[in-house]
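Subject: Structure handover

Hello,

Please find the structure we talked about below. My notes come after it.

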Amino acid sequence: GRERHRAREREREIPNFALSRDDFDKKRIELFSHFLLLLEEIIMKRSHRGNSGTDSIFPREADPETVHPCLFFTCVFLSVLPSVLCLVWVVHYAGGLAWDGSHQQFNWHPLCMLIALVTFLSNGLMSFRIFPFRRRARKFVHATLNLASVFVAIVGLVAVFQNHQ
């Protein structure tokens with residue numbers, strides 16, 4: 001009686017498809033590496049000029065001719081969009097901007113941080129790798145955007161610290 005009952009219970013059991021933590025981590029790393037390979041396939045055309053003969057899938061510098069212009073301008077647009085939306089939000093919904101110690105001075109902080117860390121830094125990183133300019137011009141744009149990012153971030157930090165005093 002009991003054996004038959006246990007056998008019926010085993011037949012009715014729902015199979016357990018849950019992964020152990022180690023298997024889950026392995027699967028996650030495997031999927032992430034496949035994602036990176038797919039992303040690399042989409043962005044680059046497998047042109048490794050200037051890669052000093054190595055067979056790396058991620059060349060040190062992308063040949064600007066291999067980056068699709070629509071992808072390039074989409075990346076630039078997506079890096080500028082959050083700053084524009086934040087500016088609209090600050091001006092229309094958060095009371096505007098001021099540098100007089102009021103709560104409006106704090107509004108400089110999120111705006112400056114977005115401009116510095118999202119807009120300038122992301123374009124600074126992209127400029128050295130995929131901007132369609134000569135190497136010297138790319139280095140200049142890269143340095144200029146990174147320095148501008150530092151200065152704008154400092155302005156945002158000064159605004160928040162002065163506001164909290």
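Predicted model: local features only at pLDDT ≥ 70, side-chain atom pairs only at ≥ 80, totals over all residues.

Residues are numbered from 1 along each chain as its sequence is written, and side-chain values use heavy atoms, with hydrogens and water left out.

Start with helix H6 (135–163). Helices are DSSP runs of H or I with at least four residues, numbered from the N terminus. H6 has 29 residues, which should span 42 Å at 1.5 Å a residue, and its end C-alpha atoms are 42 Å apart, so the two values agree. The expected span is 1.5 Å times one less than the number of residues.

Several residues of H6 are buried, among them Arg 138, Leu 145 and Asn 163. Buried means under 20% relative accessible area, exposed means over 50%, and partly exposed is in between (1.4 Å probe, protein chains only). The buried residues of H6 pack against helix H4 (103–106) and H5.

Two of these buried residues can be looked up in the model. Ser 149, in H6, has a relative accessible area of 4%. Setting aside residues up to four places away in sequence, Ser 149 touches Ala 116, Leu 117, Phe 120 and Leu 121; contact means heavy atoms within 4.5 Å. Ala 159, also in H6, has a relative accessible area of 0% and is therefore buried. With the sequence neighbours up to four places away again left out, Ala 159 touches Trp 99, Gln 105, Trp 108 and His 109. Ala 159 lies 52 residues from Asn 107 in sequence, but their C-alpha atoms are 8.3 Å apart in space.

Next, the core. Which residues make up the largest nonpolar core? They are Cys 112, Met 113, Ala 116, Val 152 and Ala 153, five residues in all. A nonpolar core is a set of buried Ala, Val, Leu, Ile, Met, Phe, Trp, Tyr and Cys residues joined through side-chain atoms within 4.5 Å. Beyond its neighbours within four places in sequence, Cys 112 is in contact with Val 152, Val 155 and Gly 156.

Last, the surface. Val 158 of H6 is partly exposed, at 33% relative accessible area.

Regards

Terms used
Helix = DSSP H or I, 4+ residues; strand = E, 2+ residues; numbered from the N terminus.
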